[in-house]
Amino acid sequence: MRGEQVRWMMTARGEPLVQVKLDTLSPGPDEVLIEIAGCGVCHSDLGYYYDGIRTMHGLPLTLGHEISGHVIETGGNALWWVDRAVVVPAVIPCGHCDACRRGKATICPHQKMPGNDIHGGFATHIVVPAHGLCAVDERRLAATGIDLADLSVIADAVTTPYQAAVQAGVTAGDLVVVNGVGGVGGYAAQIASAFGGVVVAVDVNDDKLAAVAGQGAALTLNAKEKTPRDLKAAIAAFAKERGLRQSEWIIFECSGTRAGQETAFSLINHGATLAVVGFTMDKIEIRLSNLMAFHARAVGNWGCPPELYPQALELVLDGRVKVTPFVEKHPLSEINRIFAAAHAGALKGRAVLVPTH
Ligand SMILES: [Zn+2]
Ligand SMILES: [Zn+2]
């Protein structure tokens with residue numbers, strides 16, 4: 001007997017999220033029904049909820065795009081997935097359009113993002129396309145002691161910086177600056193380090209810097225205490241000390257703040273790559289020609305193609321990227337309190353909401 005199916009709906013900006021009972025969901029031919037193990041609370045969810053950033057699907061809508069769970073029912077074309085543990089990609093491409101066929105799944109015009117294009121993961125259950133799901137070996141997972149709910153953060157918080165690291169071409173001996181090390185940035189530091197980069201973590205919060213000090217970052221710097229010029233000089237001194245290049249720095253902007261973007265842009269040097277991972281609606285004033293003068297590049301990335309998910313999962317399962325110390329689990333029924341706490345910056349880790357089944 002299946003438990004009750006509910007989802008939490010956003011009805012209007014800032015209004016309390018409300019629990020709605022669902023008629024039993026059932027998957028279409030190419031879809032699966034997932035019993036959700038956990039769904040991470042992302043900065044973007046707070047953006048939709050508090051800042052009025054528009055969702056593609058109108059309100060009311062269930063937010064949440066970092067989902068892990070068990071497939072409990074499938075359509076006729078997705079039978080392979082029955083009973084499997086999965087991570088649902090935050091951006092699910094169609095798999096057969098021109099962009100998808102050319103390996104550009106993140107710009108698929110038919111993509112579906114849970115909690116944006118379709119109802120999301122702050123629910124007990126969800127129906128999603130089977131295409132792009134990432135299977136999790138549960139025996140191996142059990143051996144690691146990681147919860148399936150903890151793995152929800154792979155969708156987005158881990159895979160987005162993973163894709164950014166692949167795109168930036170991080171390799172052994174690169175000097176990598178991660179600006180903003182809460183949530184996504186903490187994983188960016190670990191991933192860049194796993195790729196062989198030497199990571200300098202920059203933030204304005206000493207607690208966040210302390211959390212990554214032993215976990216990916218070789219040097220931590222508080223940007224609040226330094227002018228951009230001093231910050232660049234401190235990183236240059238560190239590079240010299242470590243015998244690393246004074247050019248071609250790879251800079252991950254993960255803070256998604258105006259100040260953070262200004263800092264990140266100011267660190268560009270010859271041949272640098274600026275990876276824009278964080279999001280803000282704010283605008284900054286920059287001299288774009290610095291890209292020309294330094295022969296540098298700035299690249300963005302929207303989510304991560306599903307084919308990279310297994311590699312990102314592998315980093316987590318083999319312990320090179322740790323998720324558990326950066327995750328705190330809370331009951332889904334406390335969603336309103338947790339949204340408020342996350343918005344107020346009162347949480348230590350990334351919140352994952354866990355439904356009771
Ligand atoms: Zn997100
Ligand atoms: Zn497509």
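Helices (H or I, at least four residues) and strands (E, at least two) are DSSP runs, numbered from the N terminus. The structure described here is a predicted model, in which local features need pLDDT of at least 70 and side-chain atom pairs count only at pLDDT 80 or more, while totals for chains, interfaces and linings use all residues. Residues are numbered from 1 along each chain as its sequence is written, chains are lettered from A and ligands numbered from 1 in the order in which they are written, and side-chain values use heavy atoms, with hydrogens and water left out.

**Zinc sites**

The model holds a zinc ion as ligand 1 and a zinc ion as ligand 2. Donors are N, O and S atoms within 2.8 Å of the metal (3.2 Å for Na, K and Ca); water is not among the atoms, so sites may look incomplete.

| Zinc ion | Protein donors | Distance |
|---|---|---|
| ligand 1 | C42 (SG), H65 (NE2), D156 (OD) | 1.7 to 2.1 Å |
| ligand 2 | C94 (SG), C97 (SG), C100 (SG), C108 (SG) | 2.3 to 2.4 Å |

Along the chain, the donors of ligand 1 follow the spacing C-x22-H-x90-D. C42 lies in the loop between strand 3 (31-40) and helix 1, and D156 in the loop between helix 3 (138-144) and helix 4, so that this pair, 114 residues apart, links distant parts of the chain.

For ligand 2 the spacing is C-x2-C-x2-C-x7-C. Its four donor atoms subtend angles of 105 to 114°, which makes the arrangement tetrahedral (four donors with all angles between 85 and 135 degrees).

**Helix 4**

Helix 4 (residues 159-168) is mostly covered, with eight of its 10 residues buried. Among them are T159, P161, Y162 and A168. The cover includes helix 5 (184-194), strand 11 (250-253) and helix 10 (309-317), where contact means heavy atoms within 4.5 Å. After helix 4 comes G169, with a positive phi near 75°.

**Helix 1 and helix 11**

Helix 1 (residues 43-50) packs against helix 11 (residues 335-343) at an angle of about 100°, the axes being 10 Å apart. Axes are lines fitted to C-alpha atoms, for helices over the stretch in contact, and angles run from 0 to 180 degrees between N-to-C directions. The two helices are therefore roughly perpendicular, a term for angles of 65 to 115 degrees. D45, L46, Y49 and Y50 of helix 1 meet N336, F339, A340, A342 and H343 of helix 11.

How values were computed: Angles under 35 degrees count as roughly parallel, over 145 as roughly antiparallel, 65 to 115 as roughly perpendicular and the rest as oblique. Four donors count as tetrahedral if all angles lie between 85 and 135 degrees; four count as square planar and six as octahedral if opposite donors are over 155 degrees apart and all others between 65 and 115; anything else is irregular. Buried means under 20% relative accessible area, exposed over 50%, partly exposed in between (1.4 Å probe, protein chains only).
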